[in-house]
Amino acid sequence: MIISEQKPLEEIRKMVADYDKILILGCGTCATVCFAGGEREVAILASALRMAVKIDGKEKVFHEHTVKRQCEWEFIDEISEKLKEVDAVLPLSCGIGVQAIAERFPNCRVLPGVNTCFLGLTEEAGIWSERCVACGNCLVHETGGICPIARCAKSLSNGPCGGSVGGKCEISPDVSCAWQLIIDHLVALGQLDRLEEIQPPRDWSSSHSGGPRKIVYPFQEGNQAEVER
Amino acid sequence: MNSPEPQIVVFSCHWCCYQIADLSGAAQSQYSPDIKVNIVSCSGRVGIIDLMRAFENGADGVLVFGCLEDQCHHQNGSLFAKRRVAYVQSLLRGIGLGEKRLEMYNLSPAAGPKPEEILNRMIEEVKKLGLSPVKRVGKP
């Protein structure tokens, strides 16, 4: 899941300062689950902003709407009529949703209400932690199902570094040493001998370091790849 | 809700505090007519948006009454309410309305302050802060 966090209220107030009619747009998927930009958060933010502008003696109108997902054209197309009534949109979605709206509605001013933080999972309600950096070359079968690229502070492919204390990373006692976790898992699986195989230098071209990525599913009827085939 | 007197909205837990309100009524305490009491099944039922809407609709002060934390009839309801109240207080501070306009109290029939004492205290606080600059902003 994409984990995001709503921007501080003060930052959002500064962003909307130049606009009079703003649509606060929620996202019903990841942003809802991490309490950053769902329907409830849209209502709370709209309420706070209405009161803030009233106290400042200004006149602004805040509309509220939430779509199922902001990363698909069919869902964001729902707002096309609403955009005629506003000067700007404040999407409470990850960077994908914000950019999808900017791309679909190029004449619309887009103000991101949320910071996209990482790919992670919900440890429990209200606690999310990073698990994946989308490197494009998953090798967690070699490390007991634990990704050292995402979870090791140094992203070591051949760890540990020796800096951990009590199973905790040297960067913070709140961060578990990924390689300690990997070793523990491999011991439990009876596969500790996997670590005898040294991983070669990683090819990072499949990650974001190789530039913006794109996947074209070759078997989808109608897409260009199918046409060329 | 445009009276010159402070408008106080109370969210009161049904289990502990409503019984207290009953007792206070039996003792012939009089609430000001500018106080609106919402009885909820548990203070944990009070959402962030409920508190925000109360202020949007012109409340000058809002009180949340819940059970003592280790005596909540729904286990953790009053603890959840406490966290939500703290969050809304931070929002009120951020928008310039002031966190003192919102307070939560954990009440018990056996001891501690009575609802009318708390209400009077909130009315005095609101009079010091002045009436809310926000009146009838949001949806009615």
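So, reading chain B along its sequence, you get β-α-β-α-β-α-β-α. That's four helices and four strands in total. Before I go on: this is a predicted model, so please keep that in mind for everything I show.

Okay, on to where the two chains meet. How many residues of chain B are in contact with chain A? There are 15 from chain B, and they touch 12 residues of chain A. On the chain B side, α2 and α3, that's 77-95, each supply at least two residues. Which element gives the most on that side? It's α2(B), with six residues. And if you sort the chain B side by class, you find 10 nonpolar residues, three polar and two charged.

Let's zoom in on α2(B), then.

If you want to click through the residues, here's who is involved. From α3(A) you have A:Arg40, A:Ala43, A:Ile44, A:Ser47, A:Ala48, A:Arg50 and A:Met51. They meet B:Ile48, B:Ile49, B:Met52, B:Arg53, B:Phe55 and B:Glu56 in α2(B). By class, the contact between α3(A) and α2(B) comes to eight nonpolar residues, one polar and four charged.

Now, α2(B) has another partner, within its own chain. The axes of α2(B) and α3(B) come within 9 Å and cross at roughly 45 degrees. That makes α2(B) and α3(B) oblique to each other.

The residues here are B:Ile48, B:Leu51 and B:Met52 from α2(B), which meet B:Arg84, B:Tyr87 and B:Val88 from α3(B). In terms of class, this contact has five nonpolar residues, no polar ones and one charged. Have a look at B:Ile48 and B:Met52: both meet α3(B), and both also meet α3(A).

Last stop, chain A. It's divided into domain 1, which is 2-118, and domain 2, which is 137-210. How far apart do the C-alpha centres of those domains lie? They're 38 Å apart.

One residue I'd like you to find there is A:Val33, in helix α2 of chain A, residues 30-33. Is A:Val33 buried or partly exposed? It has 17 other C-beta atoms within 10 Å, and so it comes out as partly exposed; buried would take 20 or more. Leaving aside neighbours within four places in sequence, A:Val33 is in contact with A:Met1 and A:Thr122. Then there's A:Ile3, which is 30 residues away from A:Val33 along the chain, with the two C-alpha atoms separated by 8.6 Å.

Notes. Residues are numbered from 1 along each chain as its sequence is written. Chains are lettered from A and ligands numbered from 1 in the order in which they are written. This is a predicted model: local features need pLDDT of at least 70, side-chain atom pairs count only at pLDDT 80 or more; totals for chains, interfaces and linings use all residues. Two residues are in contact if their C-beta atoms, placed from the backbone, lie within 7 Å. Ala, Val, Leu, Ile, Met, Phe, Trp, Tyr, Cys and Pro count as nonpolar, Asp, Glu, Lys and Arg as charged, and the others, Gly among them, as polar. Domain bounds come from an automatic or database domain assignment. A residue is buried if 20 or more other C-beta atoms lie within 10 Å of its own, exposed if 12 or fewer, and partly exposed in between; C-beta atoms are placed from the backbone. Axes are lines fitted to C-alpha atoms, for helices over the stretch in contact, and angles run from 0 to 180 degrees between N-to-C directions. Angles under 35 degrees count as roughly parallel, over 145 as roughly antiparallel, 65 to 115 as roughly perpendicular and the rest as oblique.
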